[in-house]
Amino acid sequence: MRIIDLLKANAIELNASVATKNEAIDKMVALHEACGNLADAKAYKDAILAREAQGSTAIGEGIAVPHAKSDSVKTPALSAITVAGGVDYGAPDQKASDLLFMIAAPLDGDLHLEILSRLMVMLMEPEFCTALRNAKSADEFLSIIDAKEAEKYPDEVKTVEKKEGYRILAVTACPTGIAHTYMAAEALEKAGEKMGYALKAETNGSGGAKNILTKKEIAECDGIIIAADKNVDMARFDGKPVVKTSVSNGINKPEELISKIIDGKAAIYHAESGAGTSVDDDEKEGFGRKIYKHLMNGVSHMLPFVVGGGVLIALGFLFDTIAGNANVGGTFGFTHPIAAVVFWIGKAAFALMLPILSAYIAQSIADRPGLLPGMVGGVFASSGYTLSSLAQNGLTGDDSAVSGFLGALFAGFVAGIVVNILKKAFSWLPNSMDGIKPVFIYPLFGTVLMGLIMSLVNPIIGMLNTGLSNGLSSLGETSKLLLSIVLAAMMATDMGGPFNKAAYVFGTAAIADGNTWIMAAVMIGGMVPPIAIALSTSFNKKKWTSEEIKSGPVNYLMGLCFITEGAIPYAASDPLRVIPSCMVGSAVAGALTSIFNVACPAPHGGIFTFIVCDHPLLYIVALIAGSVAGAFMLAVLKKNQASKI
């Protein structure tokens, strides 16, 4: 094992301010602890002092190499300091020690002896020691060691370069888990390969986590990059250098993120009581971004319920239409037995949408203890429970107090805050109660408080929802047209980002209120960008690179399936021209859905749900017209590529 693999930049302090041997030991132990190398700093220091009691580890010529084996060492490592003027370390030649290395080794094996032997071989050269003493930065200190080690052990360097394993690990996750997740993983892996560092990326996509990082890989890696816009399991990274950033930075700045790990500039992550409390050392995380991440954590978990339940409900309408029941009135969708079974299964899944949304917003804020209070808050929001209805009618809610989507959002954020307050309120309990607090105390008090809060808030938000629903129902044709244009254009603005998600969530919430024409504009607005790009790459090849042309046809399918993220690589390469073009195409399509009075009862599914929409043929006309308009704008705005090959 090379020294350069065990000594990181943040474990080096040049010109340390220490005056005695004990202060020097404290300083180097603290460096180890800050790097996450130790499970128990006090126990490790005791092992160092026990070794010093057997005889000083100062070698002479200003060099000292304190070392110890201990079960308190989590990962084998080195720390190093230089001291102007040196300290009396009890060296045999009576000289003060000004160049000190401290070796931390686990109990198994004789790693410390191997490291000590290698250090001694290198430290025998005065020029090498002088260069270390004169280093101006930790990076220069490391580069001097790296060069000398390569000179002394050239064959081993070649072996190390070929050995299996990952120097850097990554986790990528976006709210929907469809496109950004995998784009960030690919960008990081390609950048790692280009820079010469083996990198493995775990993807937290819509189908679950893939390429999962193992305990061994985490223990042996140099650091971890978390490129995510929703919460991921962080507790497993305790004690490791972690760079935490947005998924877009994983796509756009992979080399910069990798360099932070390699250069030792990543902060050490420390889990709190086994839970993943995050410290974002890549960029200051503003209040707005925190809110967005919590919201997207709820939305990403809600989507399967929206999609699965919504499509099943749409199939109920389809089966009833095939059975000739399209004009039965209030029972349309569940008149025929087959339609009824499919419809009510979908309704059951769809009914969980709001509780899941609020539960996972709360879980994002307060970890697992927030899950139950958040879910109960969502149930109260969707059912319209009030103090009066609970006292008089039990679980029969008040229809006028259903706070719906807004109430579920409110419940999720408040539940997370309430549980965090409870954590502080019960922090005085002894450590022996730590196992009881998250499974009994927090859920008990959190659930009671959320029930009371939502019972008081539901009537207020219910009034707001009623006013909004009535306002939408009474909109004139001009306002309806304008809203359809705006929502459709929003779907093409950032293609999976906050504008896109805001429009989509608004559309799904409107379905519950019966305003299915809104979802028609939203869905077609998300379908147009990939199809417009596919058309342009098929019929206007001079605007695109050869790689973009090869990938273009896939966007026909992605657009038809309502996967807007297919347009992202093209928008990223030329955002000032591609995004406005797609927005124009989506706006045209949205306007036509309003003019044609199209309504869509399904929140997802793309063209496969058109048959259950009002005026499906006109819906297809709107999609074609919007896609052609988008492709035309690309032809006008985009510049020709200098070379397609």
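A residue is called buried here when its relative accessible area is under 20%. Keep that cut-off in mind for these close-ups of a predicted model.

**View 1. A look along helix α25, which covers residues 575-595.** This helix has 21 residues, and going from its first C-alpha to its last takes you 30 Å. That's close to the 30 Å expected at 1.5 Å a residue.

**View 2. Inside the largest nonpolar core, a set of 70 residues.** Three names to find here are Leu357, Tyr504 and Tyr619, the residues with the most contacts inside this core. Which helix gives the most to this core? It's α21 (residues 516-539), which puts in 11 residues.

**View 3. Another core, lying apart from the largest one.**

**View 4. The largest cavity, with about 40 Å³ of space.** Rolling a probe the size of a water molecule over the atoms shows where empty space is left. With a cut-off of 30 Å³ or more, the count comes to one cavity. So what lines the largest cavity? Its lining is made up of Lys8, Asn10, Asp222, Pro241, Ile261, Gly264 and Ala266. Sorted by class, that's three nonpolar, two polar and two charged residues.

How values were computed: Residues are numbered from 1 along each chain as its sequence is written. This is a predicted model: local features need pLDDT of at least 70, side-chain atom pairs count only at pLDDT 80 or more; totals for chains, interfaces and linings use all residues. Side-chain values use heavy atoms; hydrogens and water are left out. On a 1 Å grid over the protein atoms alone, a cavity is a set of points where a 1.4 Å probe fits but cannot get out, and a pocket is an open set with protein on both sides within 12 Å along at least five of seven lines; lining residues have an atom within 4 Å of a point. Grid points are joined across faces, edges and corners, and a volume is the space filled by probe spheres set on the points. Ala, Val, Leu, Ile, Met, Phe, Trp, Tyr, Cys and Pro count as nonpolar, Asp, Glu, Lys and Arg as charged, and the others, Gly among them, as polar. A nonpolar core is a set of buried Ala, Val, Leu, Ile, Met, Phe, Trp, Tyr and Cys residues joined through side-chain atoms within 4.5 Å. Buried means under 20% relative accessible area, exposed over 50%, partly exposed in between (1.4 Å probe, protein chains only). Helices (H or I, at least four residues) and strands (E, at least two) are DSSP runs, numbered from the N terminus. The expected span of a helix is 1.5 Å times one less than its number of residues.
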